[in-house]
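Welcome, and thanks for taking a look at this protein with us.

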Amino acid sequence: MNRRSALSLPLAALALPRVAGAQGTWSPSRTVTLVVPFAAGGPNDIVARLVAPHLQQALGQTVVVENRPGATGAIAARHVAAQPADGHTLIVAASGTMTINPAVMQRPGYDPEKDFSPVTLAMTVPNMLVVHKDVPARTVAETIDWLKRENGRVNYSSGGVGSTEQLGMELFLRATGTTATHVPFPGGAPAVTAMIQGQCQASILNAATVRPHVASGALRGIAICLPRRFDALPDIPTMEEAGFPQVVSASWSAFLAPAGTPAPAIARLHETITAALRQPEVTQRLTAAGFTIDASTPEELGRTISTELARWKRVVQEAGIQLT
């Protein structure tokens with residue numbers, strides 16, 4: 001698999017935007033609201049609040065960030081999908097909200113492909129296979145051998161049922177013919193703590209979250225779950241390098257509007273948001289936290305959502321994962 005085809009699988013939106021030129025005829029006539037599906041302080045909230053002042057300056061209207069947490073993003077998604085399609089309300093969505101909730105929830109209350117108009121991908125952070133420091137494995141091959149020897153006695157942690165961490169680990173287990181027991185936690189931080197304390201011995205977790213613990217030696221980084229290496233830990237190989245290109249798992253944030261938002265509004269919002277993402281202070285803050293700026297065209301974001309949604313549905317069905 002070459003680099004071009006690898007990047008086009010679940011993260012086709014990694015290319016730079018091709019939308020350029022004129023701002024179009026649309027301008028907002030009132031306050032623009034960026035709806036964040038999670039509590040303040042998380043990655044989606046951070047990118048929304050970094051982008052908001054630049055967006056406000058470019059559009060000439062007040063831009064506010066509104067947090068609507070709950071149901072792993074579903075509450076906010078339902079809210080935004082029901083708003084007027086006029087460019088004044090956007091969701092700063094996480095990958096799980098757009099591509100996993102519909103796969104694991106019986107009634108999510110929204111359709112990510114029919115109820116939203118993509119604007120741009122904002123940033124991406126890969127998940128990474130890590131093991132506890134006492135695990136006798138330093139490569140993917142050694143980890144597979146160890147898992148087979150343990151024969152189901154290994155626990156793995158995640159930030160919750162249906163998280164990108166759980167589905168990424170299920171992808172890995174199925175690709176390698178190994179088994180482990182899932183131990184879900186209410187968020188990424190306690191999942192990492194469980195790994196450090198040895199309650200869980202091998203997991204696929206957010207690379208930015210585990211990076212300091214890999215650097216300290218509390219955890220050992222085995223492989224990055226994207227076709228490209230993680231800039232913050234450049235010595236950690238990828239799953240593709242280890243012979244498992246299908247094990248792709250990452251978290252991303254993206255801006256979307258309600259379906260039917262006019263093309264001139266989408267074009268203007270795309271132009272101003274991607275310009276904000278390229279501001280030095282925005283780029284510096286996000287990259288320092290371990291994120292990669294991945295502005296995309298609306299079309300690329302749409303393809304990413306469709307591709308990942310289909311892929312995660314297959315994984316969920318094979319693993320028998322479901323929320324009520």
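## Ser 251 and its surroundings

Setting aside neighbours up to four places away in sequence, Ser 251 is in contact with Ser 95, Met 123, Thr 124, Val 125, Asn 127, Thr 164 and Asn 206. Please keep in mind that this is a predicted model.

Ser 251 sits in strand S9, which covers residues 250-258. One of its contacts, Thr 164, also has a polar link to the serine: the two side chains make a polar contact at 3.3 Å.

## The largest pocket

Ser 251 turns up again when we look at open space. Rolling a probe the size of a water molecule over the atoms shows where empty space is left. The largest pocket found has a volume of about 1000 Å³. It is lined by 41 residues, and those closest to the pocket centre are Phe 38, Pro 43, Glu 165, Gly 188 and Ser 251.

Which element gives the largest share of this lining? That is H2, with 4 residues. Several other elements supply at least two lining residues each, including helix H4 (95-99), strand S4 (116-132), helix H7 (164-176) and helix H8 (188-196). Strand S7 (202-206), helix H9 (207-216) and S9 also each supply at least two.

## The nonpolar cores

The largest nonpolar core holds 52 residues. Its members that touch the most other members are Leu 34, Met 128, Phe 255, Ile 273 and Leu 277. Helix H2 (residues 43-59) gives the largest share of this core, 7 residues, and H2 also gives the largest share of the pocket lining.

Met 128 is worth a look on your screen. Beyond four places in sequence, Met 128 touches Ser 203, Ile 204, Leu 205, Ala 207, Val 210 and Val 214, among others. Its contacts also include Gly 221, Ala 223, Ile 224, Cys 225, Leu 233 and Ile 236.

## The cysteines

How many disulfides does the model have? The count is 0, with a disulfide taken as two cysteine sulfur atoms within 2.5 Å.

Note on methods:
Residues are numbered from 1 along each chain as its sequence is written. This is a predicted model: local features need pLDDT of at least 70, side-chain atom pairs count only at pLDDT 80 or more; totals for chains, interfaces and linings use all residues. Side-chain values use heavy atoms; hydrogens and water are left out. A nonpolar core is a set of buried Ala, Val, Leu, Ile, Met, Phe, Trp, Tyr and Cys residues joined through side-chain atoms within 4.5 Å. Buried means under 20% relative accessible area, exposed over 50%, partly exposed in between (1.4 Å probe, protein chains only). Contact means heavy atoms within 4.5 Å. A polar contact is a pair of N or O atoms within 3.5 Å; within protein, one must be able to donate a hydrogen and the other to accept it, and residues adjacent in sequence count only if both atoms are side-chain atoms. On a 1 Å grid over the protein atoms alone, a cavity is a set of points where a 1.4 Å probe fits but cannot get out, and a pocket is an open set with protein on both sides within 12 Å along at least five of seven lines; lining residues have an atom within 4 Å of a point. Grid points are joined across faces, edges and corners, and a volume is the space filled by probe spheres set on the points.
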